[in-house]
Amino acid sequence: MVPPTASAVPHQSSNINDSYVKVLSESSTLQSVPSQFTFANDSKGSNSDSIPIVDFSQLTSANPDQRSQALRELATACEEWGFFVLINHGIPETLMKAIIDASLEFFDLPEEEKRRYEAKSASDPIKSGAGSVITTANQRIHLWRDFVKSYVHPEFHCPDKPQSLRDIVFEFSEKSRTVLRKLLQGISENLELEEGYMDETLQLDSCFQQYAANFYPPCPQPDQAIGIPPHTDHGLLTFLIHNGVAGLQIQHNGEWFNTNSPQNSILVNTADHLQIFSNGRYKSVKHRAVVNNEATRISVVMANGAAPDAIVRPAAPLVQRDGRALYRPMKFIEYVEKMLSNRLGKSNLERLEIVDE
């Protein structure tokens with residue numbers, strides 16, 4: 001299949017004063033982090049051999065013993081870590097390399113081309129940014145990254161340059177949806193839900209997908225800047241691949257761990273809506289992107305969620321087993337757009353918690 005020709009109409013932003021972090025990092029006079037980027041942090045993470053690995057080929061195997069083993073590994077990963085490394089997933093390595101390369105081409109475009117997609121609102125289907133800003137209680141912090149994001153399902157949107165990006169993103173989103181549905185089928189079985197219950201309740205034929213590419217150039221003071229601060233994701237499962245330069249860290253039992261991944265693997269984390277749907281059984285893992293002073297890191301993310309108009313709430317059979325719901329319902333796309341306000345503080349997930357008084 002080829003992607004449809006309809007897409008978001010890019011616009012010209014009036015904000016032309018902020019330099020892209022890529023341009024800033026290439027300055028020969030840059031010796032320290034500019035003050036607006038200052039985010040003091042301890043970016044060191046531990047290495048662990050215990051980070052779960054899920055073999056997709058075993059999960060989809062006709063051999064019942066192999067599949068049962070993969071289901072157990074998937075359950076442990078979702079319950080204890082909220083994160084796993086997915087291997088043998090069937091997405092061609094050539095396609096994974098192509099989407100990394102095409103994303104890099106986007107970041108190499110002239111600034112005026114990238115600025116066509118600077119967001120005017122959280123609902124814009126294509127967004128591009130430079131040193132994007134997060135707001136804490138008392139300051140605005142610029143992040144050490146450039147990014148581009150686009151909604152790719154159920155409606156497909158993508159920047160029109162570089163020319164190769166559109167077809168590659170479309171194919172990657174299609175193939176990742178196939179993987180997503182198989183993983184969610186396994187998760188549904190582990191939750192002991194009736195076949196088809198999750199698909200129907202979350203309207204997965206129209207599932208939401210967002211492509212995002214992040215560009216993290218070398219930083220002169222990695223402990224004084226952050227790529228993305230600690231956060232959780234909207235959606236059910238987030239898929240991440242990168243160009244071989246590590247930088248994603250996940251929090252487990254209060255400690256930060258590096259996520260080293262084998263070649264051609266996908267890093268998968270459970271997200272907020274899976275925590276809500278499972279009534280708290282599966283935890284949305286907190287993670288962050290740290291930077292380094294040696295090499296450019298590029299990550300490509302595919303966020304996967306319920307249909308935009310689906311009302312996400314704890315699954316009724318799980319509420320019945322538990323005796324009460326732990327979260328209030330909310331339309332999926334409203335949750336996504338609230339998260340894009342970039343304000344650090346009480347999360348959407350915390351706001352939906354029902355406190356047992």
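Where is the place of Gln203? Gln203 sits in the loop between α7 and β7. The model examined here is predicted. Gln203 is not a glycine, yet its phi is positive, at about 55°. The residue counts as partly exposed, with 37% relative accessibility.

Confidence is reported for the whole chain and for one stretch of it. The mean pLDDT of the protein chain is 90. Of its residues, 92% reach 70 or more. Over residues 5-17, pLDDT stays under 50. For that stretch the model has 26 contacts beyond four places in sequence.

An open sheet of eight strands is present. The strand order is β1-β2-β12-β9-β14-β7-β6-β3, and the pairing is mixed. Strands β1 (53-55) and β3 (126-130) form the edges, each pairing on one side only. From one strand to the next, the twist averages 20°. Strand β2 (residues 83-87) runs antiparallel to strand β12 (residues 266-270), and four bridges join the two. Val85 stands opposite Leu267 of β12.

Two helices are placed against these strands. Helix α3 (residues 64-81) lies across β1, β2 and β12. The helix runs at about 150° to β2. Helix α4 (residues 93-107) also packs on the sheet. Helix α4 touches β3, β6 (146-153), β7 (209-216), β9 (237-242), β12 and β14 (297-304). Its direction makes about 65° with that of β7.

Within the sheet, Gln210 belongs to strand β7. Its relative accessible area is 6%, and buried means under 20%, so Gln210 is buried. Neighbours within four places in sequence set aside, Gln210 is in contact with residues from several parts of the chain. Among them are Lys127, Lys149, Ser150, Tyr151 and Val152. His234, Val301, Met302 and Ala303 are also in contact with Gln210.

The loop between β6 and α6 holds Pro154. Pro162 is placed in the loop between β6 and α6 as well. The peptide bond from His153 to Pro154 is cis, with omega near 10°. The bond from Lys161 to Pro162 is likewise cis, and its omega is near -5°.

Helix α6 (residues 163-190) has 28 residues. At 1.5 Å a residue, the helix should span 40 Å. Its end C-alpha atoms are 42 Å apart, which agrees. Just after α6 comes Glu192, with a positive phi of about 60°. Glu192 is not a glycine. The residue is found in the loop between α6 and α7 (197-202). At 62% relative accessibility, Glu192 counts as exposed.

A search of the whole structure finds 13 salt bridges. In one of them, Glu26 pairs with Lys22, and the closest N and O atoms are 3.0 Å apart. What is the relative accessible area of Glu26? The value is 53%, and Glu26 is exposed. Lys22, in contrast, is buried, with a relative accessible area of 14%.

Arg115 and Glu111 form another salt bridge, at 2.9 Å from N to O. Arg115 is buried, its relative accessible area being 5%. Glu111 counts as partly exposed, at 24% relative accessibility.

A further salt bridge joins the side chains of Arg281 and Asp322, with an N to O distance of 2.7 Å. This pair links distant parts of the chain, 41 residues apart. Arg281 lies in the loop between α8 (272-277) and β13 (287-289). Asp322 lies in helix α9 (residues 316-322). Arg281 counts as partly exposed, at 28% relative accessibility. Asp322 also counts as partly exposed, at 37%. Beyond such pairs, salt bridges that share partners join Glu113, Arg116, Asp160 and Lys161 into one network.

Methods
Residues numbered from 1 in each chain as written. Predicted model: local features only at pLDDT ≥ 70, side-chain atom pairs only at ≥ 80, totals over all residues. Heavy atoms only, no water. Salt bridge = Lys/Arg side-chain N within 4 Å of Asp/Glu carboxyl O. Buried < 20%, exposed > 50% of the residue type's maximum accessible area, 1.4 Å probe, protein only. pLDDT = per-residue confidence, 0-100. Contact = heavy atoms within 4.5 Å. Pairing = 2+ DSSP bridges. Axes fitted to C-alpha atoms, helices over the stretch in contact; angles between N-to-C directions. Expected span 1.5 Å × (residues − 1).
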